[in-house]
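Thank you for making the time this morning.

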Number of protein chains: 2
Amino acid sequence: MTAAPAFRTLTDLRAACLHLPAPDETAARRIAEREATLTKPPGSLGRLEELTSWLGSWQQDQTPRLEQVRILVFAGNHGVVAQGVSPWPADVTAQMVANFRSGGAAINQLSRIADAELRVIPVADLRPTNDFTQTAAMTEEEFLAAVQTGYDSVPPDTDLLCLGEMGIGNTTAAAALSAALFGGGGTDWAGRGTGLDTAGVANKAAVIDRALTLHSGSFSDPLECARRLGGHELAAIMGAVLAARYHGVPTLLDGFICTASAAPLLKLDPAALDHTRLSHCSAEAGHRRLAQELYLTPLLDLGLRLGEASGAALAVPLVRAALACHQGMATFAEAAVSQSSEASFEA
Amino acid sequence: MTAAPAFRTLTDLRAACLHLPAPDETAARRIAEREATLTKPPGSLGRLEELTSWLGSWQQDQTPRLEQVRILVFAGNHGVVAQGVSPWPADVTAQMVANFRSGGAAINQLSRIADAELRVIPVADLRPTNDFTQTAAMTEEEFLAAVQTGYDSVPPDTDLLCLGEMGIGNTTAAAALSAALFGGGGTDWAGRGTGLDTAGVANKAAVIDRALTLHSGSFSDPLECARRLGGHELAAIMGAVLAARYHGVPTLLDGFICTASAAPLLKLDPAALDHTRLSHCSAEAGHRRLAQELYLTPLLDLGLRLGEASGAALAVPLVRAALACHQGMATFAEAAVSQSSEASFEA
């Protein structure tokens, strides 16, 4: 465990991003050794087997735990809504924060199914960012404060972390940030968001293109991209992903916005997201491409496009199932089950 | 509720397959009406929204329940193992039944995560079928008895049913049955099963081709295909799918063998599997094609190839999540959340 860094400057933050802890390969090897003794054909639990190994290697423990599963939903507002990028009024961000707190949103129900603790964190008191078609979304100070909020929101004793967001206008920020980091223009990354029609998507793409033109001089610096084209809740998610890495907390990313929030870290270090898994592929247009750019293979693909960490929460039972099989199954010896006549398996 | 039919002849069974109950469209409509009032963009929960509607329309109730979730695993042995189609000895079927009963298998752990009751049913006392490269796998009497076993295993008060199987050699039966129903030969449908190498898969494909040649005169009759090329546990699964339809029980199919077991029903009535959902797409070679032939879109795609209803059990939390969102979320009016400015949504 490392003391939480104070991100006073972009240089501090960059340094934290460039010296990340590594996984525990010994724990992963011991988990693989036990996995091979369990009463099933080798590899027959598919991605579940990999999930157990992932849990153990980042928890640095060959006997991973899933007692403290936490869901953090970061909320933020966006100046770019002035450009008509959402059919919903910006007030909905605060109204949905209230709905989260009174238990009426989808994520409240999904947290119960996941047996996870839910916390909702309005970032920057829901003050909107600047309209990034006019200037940078955040000052350096605002950006660093949002990253720090996210970092400080992750309790170090968390066994599995789910990250998500709420913010009217934030698919526009995620699309602009993705384009800045991975190339392409507004039409490549703009989707329907919460329900735009075709004309609305075309406007959103044009808004993104104007922002890309304004900020194109900064595309080589991933943190500058996040400051100029992201948002408070996106910066907080990036901070939380970073904290999870330092605290040894396996982390489930949610949909398009959450994934875009984490993307600058991967640009700084190709191994920066190794402690994360992508919970699902969203129906939002840019998410499949973004997942490919990040080499993340989603666990679920159910046409969700809600955010709120909904996909991450839905993936928690899969992780619990993986661990339950690994820890609860009998070995061939214990169950007196005959083994295969094949000494080894090709695949 | 209908009294369980006694399948004395193939004609009795065929009649039961041709006059299937329909879903409750009123329940589905009322569920859609409530769904539209919940605090989220319309459609943003993707396939979860459809799952709730599916539950209600087959339970014939706009307020579906998930109290009695049951998992049935049918076990059977196969004469075709004499042709060297599996690297595992046939004894493993009985050994794994014992492992299920003592709680040591994957499905025991997954049943707990799914909060479901597990029952394991050895069909025909685990007597092997005939080797179907030589003669029909089952006599008419044996086949009907196995179907009846499956039918009688489904308690009518089940809210959600998960079906699965265990049987050394049964990917060969599933592949042969799939080929007979949907065309193609051994190489199109034979996969690695529990761990065959390349030479083993080639032998399995040749074994299937010999069986297809022997039984080709019966391919126009789906029930005859199931009798000649299936197995006891496959016939039982078909019977259970049929019982679920008559009792109004939404049903999750598991992998390749389970899906192939249900396929003859679809050949007799294109709507016969409307009360089922495919829980996952298996890594076993033929499953993706079979799912397409049956117009079933899997909920999960995690590279599983274990059987035992493992994929079906893994999908149960998704169904629970769907229902929890539908029944637990606040409406826009209740939560005082503003709605979208768009009167309607295109997609």
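A:R14 is partly exposed, with a relative accessible area of 25%, and please keep in mind from the start that everything I describe comes from a predicted model. The place of this arginine, A:R14, is in helix 1 of chain A, which covers residues 10-18. If we set aside residues up to four places away in sequence, A:R14 touches A:D221, A:L223 and A:L268. For a sense of scale, the C-alpha atoms of A:R14 and A:I237 are separated by 16 Å, while the two residues are 223 residues apart along the chain.

Let me turn now to the sheet of chain A. Five strands form an open sheet there, in the order 2-1-3-4-5, and the pairing is parallel. Which strands stand at the edges? They are strand 2, residues 117-122, and strand 5, residues 276-278, each of which has a single partner strand, so one side of each is left without a neighbour in the sheet. Ignoring direction, neighbouring strands of this sheet are turned against each other by 25° on average. As a reminder, the strands of a sheet pair through backbone hydrogen bonds, in either a parallel or an antiparallel way.

What is A:L252 in contact with, leaving aside its neighbours within four places in sequence? The list includes A:L160, A:L161, A:C162 and A:L163, and among the others are A:W54, A:R277, A:L299, A:A312, A:A315, A:V316 and A:V319. Helix 11 of chain A, residues 232-247, lies across strand 1, strand 3, strand 4 and strand 5 of chain A, running at about 175° to strand 3.

In chain B, five strands form an open sheet in the order 2-1-3-4-5, again with parallel pairing. Seven bridges join strand 1 of chain B, residues 69-75, to strand 3 of chain B, residues 160-166, and the bridge partner of B:L72 in strand 3 is B:L163. Helix 3 of chain B lies across strand 3, strand 4 and strand 5 of chain B, and runs at about 155° to strand 5. This helix, residues 47-59, has 13 residues and reaches 18 Å from its first C-alpha to its last, which is close to the 18 Å expected at 1.5 Å a residue. Helix 3 of chain B is mostly covered, since eleven of its 13 residues are buried, including B:R47, B:E49, B:W54 and B:W58. Just after this helix, B:Q60 takes a positive phi of about 60°.

One more residue in chain B is B:S111, which is found in helix 5, residues 106-114. Is B:S111 buried or exposed? At 4% relative accessibility, B:S111 counts as buried, because the cut-off for that word is under 20%. Not counting residues up to four places away in sequence, B:S111 touches B:I71, B:A116 and B:L118.

Finally, a word on confidence. The model scores ipTM 0.96 and pTM 0.97, and chain A averages a pLDDT of 95, with 97% of the residues scoring at least 70. However, pLDDT stays under 50 over residues 343-347 of chain A, for which the model has eight contacts beyond four places in sequence. Where pLDDT is low, the predicted coordinates should not be read in detail.

How values were computed:
Residues numbered from 1 in each chain as written. Chains lettered and ligands numbered in written order. Predicted model: local features only at pLDDT ≥ 70, side-chain atom pairs only at ≥ 80, totals over all residues. Heavy atoms only, no water. Helix = DSSP H or I, 4+ residues; strand = E, 2+ residues; numbered from the N terminus. Expected span 1.5 Å × (residues − 1). Buried < 20%, exposed > 50% of the residue type's maximum accessible area, 1.4 Å probe, protein only. Contact = heavy atoms within 4.5 Å. Pairing = 2+ DSSP bridges. Axes fitted to C-alpha atoms, helices over the stretch in contact; angles between N-to-C directions. pLDDT = per-residue confidence, 0-100.
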